[in-house]
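Hi everyone, thanks for making time today.

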Amino acid sequence: MSRVYNEQVHIDPESLKDFYQKRAREKISIDIDAPVVLCGDRDKSKIGAWTAFELEHRFPLLNIDSDSVVLEVGCGTGRISKYITSVVNTYVGVDYVKEFIDIIQLREDIKKKESTYFIHSSIQELTNGTVQFPVKKKFNRFIISGGVFMYINDDEVKEVLGELIERFDEECIIYISEPIALEERLTLNNYYSEDLANEYSAIYRTEEEYQEIFDIFYRAGFSSKVSEEFFYDDIKAQKETKQWMFILHRNK
């Protein structure tokens, strides 16, 4: 399929899983911490620059400490997880690519405590009860670092958030980094990407569309603290999309 603008086209989740399984093998030879959403991620300087920027300018907005109970969706191979697990009370990392979870379990540079869990599951399976949460505690930190909603169709995103919000504590910080469309919604469905040298599917929603999706958070007492371009100096350099940063807070 070609690029589709404005229309709500459903993407094929199975083709995405195939793509990520291939990337899991490549990441070991390229860089285990390469963000998959970074086009041209064979440029190791960009790989390092992404994480360095996030750790200095974005990660502190999470305010993680020894009382934090963290749910990270799309944990991948642990690019950001390794800066979280050693600090927090409880950590649950979720990814729907088994190969990523296998890699993260073997990494010796990621501290794993008794309260550290890595789960092979889609967020849909976790929220609909197909896969069980490993803890009963409510989460006071929710993290997506790089992009997850871009791979989920609209009806499922709203359903997932409706279930997830029941798992969030009265005091909670939501940290979401997603690529967005700058002017109009763009959907790629089995589109061949020259940068990724592979067929690729993703939904690039506008910032306004995400605000509509996040209305479920706002109605539950969350407020928007940050909604702006993720990078100060855009290292992705895409014409139609930008990496975006959303921070939401809820206090007692």
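Let's start with Val70, whose bridge partner in S5 is Arg141. Keep in mind that this is a predicted model. That pair belongs to the parallel pairing of strand S2, residues 69–73, with strand S5, residues 139–145, which runs over 3 bridges.

Now zoom out to the sheet. There are 7 strands in an open sheet with mixed pairing, and the order is S4-S3-S2-S5-S6-S10-S9. At the edges sit S4 (116–120) and S9 (223–229), each of them pairing on one side only. On average, neighbouring strands are turned by 15° against each other, direction ignored.

Helix H3, residues 98–106, packs on this sheet and touches S3 (90–95) and S4. The direction of H3 makes about 155° with that of S4. Which residues of H3 are buried? They are Phe100, Ile101, Ile103 and Ile104. These four cover an arc of only 160° around the axis, so they lie on the same side of H3.

Over to S10, residues 241–250. Here 10 of the 10 residues are buried, so the strand is largely enclosed by the rest of the structure. Thr241, Gln243, Met245, Ile247 and His249 point one way, while Lys242, Trp244, Phe246, Leu248 and Arg250 point the other way.

And the partners of S10? Strand S6 (residues 168–181) pairs with S10 in the antiparallel sense over 10 bridges, and Ile180 has Lys242 as its bridge partner there. S9 pairs with S10 in the antiparallel sense too, over 6 bridges, with Ser223 standing opposite His249.

Note on methods:
Residues numbered from 1 in each chain as written. Predicted model: local features only at pLDDT ≥ 70, side-chain atom pairs only at ≥ 80, totals over all residues. Heavy atoms only, no water. Pairing = 2+ DSSP bridges. Helix = DSSP H or I, 4+ residues; strand = E, 2+ residues; numbered from the N terminus. Axes fitted to C-alpha atoms, helices over the stretch in contact; angles between N-to-C directions. Contact = heavy atoms within 4.5 Å. Buried < 20%, exposed > 50% of the residue type's maximum accessible area, 1.4 Å probe, protein only. Arc of directions from axis to C-beta.
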